[in-house]
Amino acid sequence: MIAKVGLDGHDRGVKIVARCLRDAGMDVIYTGLHRTPEEVALAAVQEDVDILGISILSGAQMTVFPRVLDLLRDRHGSDIAVVGGGVMPDEDVSELKRMGVSEILLQDTPPQAIVESMRRLVRERGPR
Amino acid sequence: MGRAIPPLALVQPVLEGRLSAVARMITHAESGEEDCQEALAEIYRHTGKAHVVGITGVPGSGKSALVTRLCKALRAGERSVGVIAIDPSSPFSGGSILGDRIRMNELVTDPGVFIRSMATRGALGGLARASLSGVDILDAAGYDVVLIETVGVGQDEIDVVQAVHTTLVVSAPGLGDDIQAIKAGVLEIADIHVVGKCDRSDAHRTVTDLKNMLAMGHGNSQGYGWQVPLIPTSSVSGEGIPELLAAIDGHLDALTSSGELEQRRRRIAQTRLLKSAENILRDQFQRHHDRQIAELTDRMMAGRTHPHAAAQILLNQFRSERKP
């Protein structure tokens, strides 16, 4: 599932990512713009997704990701890998990974690297 | 939820309506693995309570927005709703982009609504292979109404009618010739006709066209005394939604009092039996008969065998191998 959270209206990138994952043979659920962390976490649990990718270009990453991780834990969704994408400072990236975000893919990540990263995350998690 | 929970261990939590268990069980059903069949069989024993409603129509006719409105109306009456929303898979990569949720986001935080997206994964007919197992799971989990939103259909994707109690066909203004295009197939299967987007000024034209078409055909009366209604709606303003909900409930009443409901349940059961047999056969062919399929295809390409004869040979080989 790919989501846009909060007051961030930039969805060109997220649509390109969705398209390249589709072309790699994956089912991609797109939530649309302006979702809340609650909506995104619940939708991810209902859809039983392998990976929840959140694209952020608004600078709200340090608010959004901890909230989503908490909500997933509450809703029995902690085996869903959370991935971040967009533009953010390096120190945020390491902090977010420490909190439990599985991967952060910044701008300029080639599409094939995104696909491979998703495959690796599912492989590492194993069957469920 | 922890790792690698056996499907059978999910049955009880599904029956209790636990969200994460319902979600995981649908994933198992979609995978089609042999080891989830026992759990699905157990779940099947607890089905039969939900009113299953199919919503079909051409792409862009407003099915998802209508589903959202219907869910809200059902919730206002304190009924819980499960939704299976189907979108197409790419015929090339097998992947998909499932966007039905975009219009349903406002429902997601309501614990009385469960929405699941499904890709067709090569299935034709407007449904996905696991759609009906998904319906079973939602039914057994206690959802009062289960809505199946089909892929946007063209002329002939009418599997939904063999799968649900009540079929809604959604048309919309501005699609012009599409009405002409679908009138031979899809329009005939409606228990209820819905015209969406009636906030648009050209909607009356679509309503008139459909009314004329219904009047021209074999009439809009079905054998068990149900008059197929045509309901103009707007998902923007909410116009027509109470009438639509009343029609859906009215249809269930008509089905129940006439005995048609039992007929439809039987038809659904029979269709599922045949579809399952078909799926099992196709899987076994593809898994174990690659070589024979390739050889027979070669013979057809060389003009030495006709498709029907080749199929007979394949089936005969299959049967002789199965004999004990």
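Guide: In this predicted model, A:Pro127 has a relative accessible area of 67%; because exposed means over 50%, A:Pro127 counts as exposed. This residue belongs to the segment that follows α5 of chain A, the helix of residues 111-125. Between A:Pro127 and A:Ser102 there are 25 residues in sequence, and their C-alpha atoms lie 17 Å apart in space.

Strand β1 of chain B, residues 51-57, is mostly covered, with 7 of its 7 residues buried. In a regular strand, side chains alternate between the two faces of the sheet. On one side of β1(B) are B:His51, B:Val53, B:Ile55 and B:Gly57, on the other B:Val52, B:Gly54 and B:Thr56, and both faces are covered.

The strand also has partners. A parallel pairing of 5 bridges joins β1(B) to β5 of chain B, residues 145-149, and B:Gly54 stands opposite B:Ile148 there. Another 5 bridges join β1(B) in parallel to β6 of chain B, residues 166-171, where B:Thr167 is the bridge partner of B:Gly54.

Finally, there is a helix of chain B to consider. Just after α5(B), B:Gly142 adopts a positive phi of about 100°.

Definitions and conventions: Residues numbered from 1 in each chain as written. Chains lettered and ligands numbered in written order. Predicted model: local features only at pLDDT ≥ 70, side-chain atom pairs only at ≥ 80, totals over all residues. Heavy atoms only, no water. Helix = DSSP H or I, 4+ residues; strand = E, 2+ residues; numbered from the N terminus. Buried < 20%, exposed > 50% of the residue type's maximum accessible area, 1.4 Å probe, protein only. Pairing = 2+ DSSP bridges.
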